[in-house]
Amino acid sequence: MNITIVTVGKLKEKYLKMGIEEYAKRLGAYAKIEQIEVPDEKAPENLSDADMEIVKRKEGERILAKIHPDAHVIALAINGKTRSSEELAAHLNSLMTYGTSKIAFVIGGSLGIHDDVLKRSNEQLSFGKMTLPHQLMKLVLLEQVYRSFRIIKGEPYHK
């Protein structure tokens, strides 16, 4: 299984980097992990709706350029489907069982994900209605994917 995580923006916080590195290392026993950071679009604080659309479109183009054409794309979106850890594990297992060898998770920037990326996505996944910093979301995602593989393999993991 090849898992790609495409995120907008460069991760700077050392404590998040350490957690992400730890879970990426653990996941290496189950899948090939590729982490891709695309540059965020610089923009002032107060943007018009039109300006926000331009920023999201530019970030979306960078994201789409990094997604393999054969990848099953899961966009993280607040309005996506929520799943328990067990449901996520079952879903990933089903994808693998039925021939999906490439999964790409997409985490957008601070303004969200452009519609073109959502249209390319096969599905949208939500971790709840709370807004989380996208850098923190990457750590949470890696932990949940790792947890999913432990569940799939029937291996113990804290609950």
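**Notebook: cavity, pockets and binding site**

The model I am reading is predicted. I searched the whole structure and found one cavity of 30 Å³ or more.

Next I looked up the lining of the largest cavity. I listed Thr-7, Val-8, Gly-9, Lys-10, Leu-11, Glu-37, His-134, Gln-135 and Lys-138. Strand E1 (2–8) and H5 are the elements that give two or more residues to this lining. Which element gives the most to the lining of the largest cavity? I found that H5 does, with three residues. I then sorted the lining of the largest cavity by class and wrote down two nonpolar, four polar and three charged residues.

I turned to the open spaces. The largest pocket holds about 590 Å³ of space. I noted 25 residues in its lining, with Leu-76, Ala-77, Ile-78, Gly-112 and Leu-132 nearest the centre. Strand E3 (72–82), E5 and H5 each give two or more residues to the lining of the largest pocket. E3 supplies the largest share, four residues. By class, I have 13 nonpolar, eleven polar and one charged residues in the lining of the largest pocket.

The second largest pocket came next, at about 260 Å³. It is lined by 13 residues, and Asp-40, Glu-41, Ala-43, Ser-110 and Leu-111 are the closest to its centre. I classed the lining of the second largest pocket as five nonpolar, three polar and five charged residues.

Then I checked the record. The unreviewed UniProt entry carries a "binding site" annotation on Leu-76, Gly-108, Phe-127, Gly-128, Lys-129, Met-130, Thr-131 and Leu-132. Which residues of this set are in the lining of the largest pocket? I found Leu-76, Gly-108, Phe-127, Gly-128, Met-130, Thr-131 and Leu-132 there.

Phe-127 sits in the loop between strand E5 (123–126) and helix H5 (134–152). Its relative accessibility is 33%, so I count Phe-127 as partly exposed. I looked up its contacts, leaving out residues up to four places away in sequence. Phe-127 touches Leu-76, Met-137, Val-140, Leu-141 and Gln-144.

Met-130 is also on my list. I located Met-130 in the loop between E5 and H5. Why does Met-130 count as exposed? I have its relative accessibility at 71%, and exposed means over 50%.

Conventions: Residues are numbered from 1 along each chain as its sequence is written. This is a predicted model: local features need pLDDT of at least 70, side-chain atom pairs count only at pLDDT 80 or more; totals for chains, interfaces and linings use all residues. Side-chain values use heavy atoms; hydrogens and water are left out. UniProt positions are given in the numbering used here, feature names are shortened, and annotations may be inferred rather than shown by experiment. On a 1 Å grid over the protein atoms alone, a cavity is a set of points where a 1.4 Å probe fits but cannot get out, and a pocket is an open set with protein on both sides within 12 Å along at least five of seven lines; lining residues have an atom within 4 Å of a point. Buried means under 20% relative accessible area, exposed over 50%, partly exposed in between (1.4 Å probe, protein chains only). Contact means heavy atoms within 4.5 Å. Grid points are joined across faces, edges and corners, and a volume is the space filled by probe spheres set on the points. Ala, Val, Leu, Ile, Met, Phe, Trp, Tyr, Cys and Pro count as nonpolar, Asp, Glu, Lys and Arg as charged, and the others, Gly among them, as polar.
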